[in-house]
Amino acid sequence: MDRRFIFAIVLFAAVATSSTDNTNTDDFIIRQVVDNEEDHLLNAEHHFTSFKSKFSKSYSTKEEHDYRFGVFKSNLIKAKLHQKLDPTAEHGITKFSDLTASEFRRQFLGLKKRLRLPAHAQKAPILPTTNLPEDFDWREKGAVTPVKDQGSCGSCWAFSTTGALEGAHYLATGKLVSLSEQQLVDCDHVCDPEQAGSCDSGCNGGLMNNAFEYLLQSGGVVQEKDYAYTGRDGSCKFDKSKVVASVSNFSVVSLDEEQIAANLVKNGPLAVGINAAWMQTYMSGVSCPYVCAKSRLDHGVLLVGFGKGAYAPIRLKEKPYWIVKNSWGQNWGEQGYYKICRGRNVCGVDSMVSTVAAAQSNN
Ligand SMILES: *[C@@H]1O[C@H](CO)[C@@H](O)[C@H](O)[C@H]1NC(C)=O
């Protein structure tokens, strides 16, 4: 597959549930509770009860309930399989466990392909990589806002975009300000000039590079609190007088993990595309699946750091990883975060990486 043939991202969404996480999560780790098919069947009812309570799920009819229980049972088996094929992570019951794979894809992933980069996207200059730290985390430096929740709306691309600009704005001004995704959802309809129909389109998906292009054209973005997230497509209510952060330029980082790390350290968190195939069942740990297509990017997220890795007994070595901020709420993954291994472009995480610089704003 031609590398320039970049796939557009889009979203995912969580079946919005923001219950506080006071359940013992060990209970949700399939590896420990489902040793064989019989155990799985014996425990399924118990797990489904905990699942409904933990994620505040309710179903309107008995038929729906029974159907969801069936889906849940097949997701227990899927999680068990994922656990086998991705042993350094923990896979199990998540808030997506009552969705079929096709529902998950259809409702919460969108895919657009595009052939060209937007007019203002340039290639990031090659940076020196000799003095890169082994561990680095923008969260510790105050450049990352709390994890947000896109809900049932294909707007991951908007969250990835605001996350990158929030970091860049922090670097430029010293202030961490939460920025409005809804402005992008409602107002950004930037299209690929070369490809009819490939436009940012709210809950139906978009692309971070298009969104940076939009931010250059619009003059910037307002604060989250001035243009609150609804998780639905709406008419544009952008008030230019309230712009708090704006883009000065953005660029595309080469497919090289050292360059990605160097750009992250120098410019702040990076907007990246990823293949989300393993994320429906992910709970914690470093995800390093044996198989994950690099070209099927379907989700937009934010790289905020990297680590040299913890000892992973199952593979007898340290697993270096990227720290990924997701937008499915804090009740998914590691308090809303995902760790994915570095080193071989797993799930295409190195394939679509953008870095942005914020203008010094006087607001
Ligand atoms: C912005 O442009 C400057 C000057 O061309 C360049 O050095 C810098 O790398 C660019 N930053 C980003 C994030 O693209």
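What covers the buried residues of helix 7? Hi everyone, let's take that one in steps. A caution: this is a predicted model, where local features need pLDDT of at least 70, side-chain atom pairs count only at pLDDT 80 or more, and totals for chains, interfaces and linings use all residues. Residues are numbered from 1 along each chain as its sequence is written.

Helix 7 spans residues 208–218; helices here are DSSP runs of H or I with at least four residues, strands are runs of E with at least two, and both are numbered from the N terminus. Eight of its eleven residues are buried, so helix 7 is largely enclosed by the rest of the structure. Buried means that 20 or more other C-beta atoms, placed from the backbone, lie within 10 Å of the residue's own. Among those buried are Met208, Phe212, Glu213 and Tyr214. As for the cover, it includes helix 5 (156–173), helix 6 (181–187), strand 6, strand 7 (270–274), strand 9 (299–307) and strand 14. Just after the helix, Gly219 takes a positive phi of about 95°.

Now, please keep an eye on strands 6 and 14. Strand 6 (247–253) and strand 14 (353–358) each supply at least two residues of the shell around the ligand. That shell includes Asn249, Phe250, Ser251, Thr355 and Val356.

How do these strands pair? Pairing takes at least two DSSP bridges between two strands. Strands 6 and 14 run antiparallel, joined by six bridges, and Ser251 sits opposite Thr355. Strand 4 (residues 122–123) pairs with strand 6 in the parallel sense over two bridges, with Lys123 opposite Val252. Thanks, everyone!

Technical notes:
A residue is near a molecule or strand if its C-beta atom, placed from the backbone, lies within 6 Å of it. A residue is buried if 20 or more other C-beta atoms lie within 10 Å of its own, exposed if 12 or fewer, and partly exposed in between; C-beta atoms are placed from the backbone. Two residues are in contact if their C-beta atoms, placed from the backbone, lie within 7 Å.
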